[in-house]
Amino acid sequence: MDRRPWTPTRWARNGDVRLACDTWAGADGNEPLLLVMGMGVSRRWWPDGLCRILADHGFSVARYDHRDAGESTHLPPTRTRLPATALLGRRGEAYTAEDMADDAVAVLDELGWETAHLLGVSLGGAVAQRVAIRHPDRVRTLTSMSAVPADAAGLGVLRYIRVPAVARLSRMRYPDTEEGTVRAGLAIARFCASPAQPFDEEEERAKAERLADSGTRDTRAQSRQIGAQWHGPAISTITVPTLVLHGRDDPLIRPNAAAAIASRVPGARLVALPGVGHDIPAPVWRTVAAEVRALADGSPERANRGGSHHGPQPGRGSE
């Protein structure tokens, strides 16, 4: 019997870009939910345990690789080699943030989904926000996690990120070898984790070996993604039901980023997650799934009964 949790890879197209995607097996007929991953890494970094719980909560779960990540099309090199430099730049050299938003819609088209709920983490949270702005007719609900406001750009991003952490990430260098890839994956996992959660070195190394994702050390590809500039409207124009999740121990993105999103998106709800860094650890999988389910149902009280922990109200987040 085939026990693979994910269906075989499918391919969406946005112009010359091919986008790898797949869906959680056995959840057909549930409400469509598209997962949007963060910078550089492949879709396989989404925890299977979280995806299983989301499927149990009534979602048909799909994930995809951004351009310049995983199995999707990788673009030619550009002059910018460091993500920190690209993040603070005023123009992208390879493609736009609109292109990346359109990639997500191309995946929906390939899957035959007219509309879907979106759950994006880190850069994926910003991409999901932009999809909701650019293609509101394709989005049922929006959940943005561990992300900055999608319309922040250039030096304006500095108010939302922990600059020493970015500098630390920029100093990480790993050789273009199999062991270098594993070491990079392990280092990123360690960096993103909250000190409130135990870090299982052996388990994380085994995961890094299993994923063998060179995107963890491909700073040029990361730079092209993070440097993609947004030219569209502000996040205040988002009209779909919106949830903002943020780890209280996020080492990279300040809590004021989540507060800014929640205060500027009409009707958005902010939930702070204790003991969570720039990741989604197992202890909060059920909380995240319950919050996304409650958003889809239009019932935050349901998530409250599920034991979620609420942070400051929109606009009142601490630094």
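Mentor: Start with S72. Setting aside neighbours up to four places away in sequence, S72 is in contact with R18, L19, A20, D65, H66 and R67. Keep in mind that this is a predicted model.

Trainee: Where is S72 placed?

Mentor: S72 lies in the loop between β4 (59-64) and α2 (83-87). In space, S72 and W11 are 8.5 Å apart, C-alpha to C-alpha, while 61 residues separate them in sequence.

Trainee: Why is S72 called buried?

Mentor: Its relative accessible area is 3%. Buried means under 20%, so S72 is buried.

Trainee: What makes a pair of cysteines a disulfide, and how many disulfides are there?

Mentor: The two sulfur atoms must be within 2.5 Å. For C51, the nearest cysteine sulfur is that of C21, 14 Å away, and C51 is in no disulfide.

Trainee: Are C51 and C192 buried or exposed?

Mentor: C51 has a relative accessible area of 0%, and C192 has 12%. The cut-off for buried is under 20%, so both C51 and C192 count as buried.

Trainee: Why are α3 and α4 called roughly perpendicular?

Mentor: The axes of α3 (residues 97-111) and α4 (residues 123-134) cross at roughly 80° and come within 9 Å. Angles of 65 to 115 degrees count as roughly perpendicular, so α3 and α4 get that label.

Trainee: Which residues make the contact?

Mentor: On the α3 side they are A97, E98, M100, A101, D102, A104 and V105, and on the α4 side L123, V127, R130, V131 and R134. By class, the residues of this contact are eight nonpolar, four charged and no polar.

Trainee: Which residues have the most contacts inside the largest nonpolar core?

Mentor: They are L34, Y64, V107, V131 and I238, in a core of 62 residues. The element that gives the most to this core is α3, with nine residues. A second, separate core has 32 residues, including W46, M145, L273 and V292.

Trainee: What does V131 touch?

Mentor: Not counting residues up to four places away in sequence, V131 touches A101, A104, V105, L118, P136 and V139.

Notes. Residues are numbered from 1 along each chain as its sequence is written. This is a predicted model: local features need pLDDT of at least 70, side-chain atom pairs count only at pLDDT 80 or more; totals for chains, interfaces and linings use all residues. Side-chain values use heavy atoms; hydrogens and water are left out. Buried means under 20% relative accessible area, exposed over 50%, partly exposed in between (1.4 Å probe, protein chains only). Axes are lines fitted to C-alpha atoms, for helices over the stretch in contact, and angles run from 0 to 180 degrees between N-to-C directions. Helices (H or I, at least four residues) and strands (E, at least two) are DSSP runs, numbered from the N terminus. Angles under 35 degrees count as roughly parallel, over 145 as roughly antiparallel, 65 to 115 as roughly perpendicular and the rest as oblique. Contact means heavy atoms within 4.5 Å. Ala, Val, Leu, Ile, Met, Phe, Trp, Tyr, Cys and Pro count as nonpolar, Asp, Glu, Lys and Arg as charged, and the others, Gly among them, as polar. A nonpolar core is a set of buried Ala, Val, Leu, Ile, Met, Phe, Trp, Tyr and Cys residues joined through side-chain atoms within 4.5 Å.
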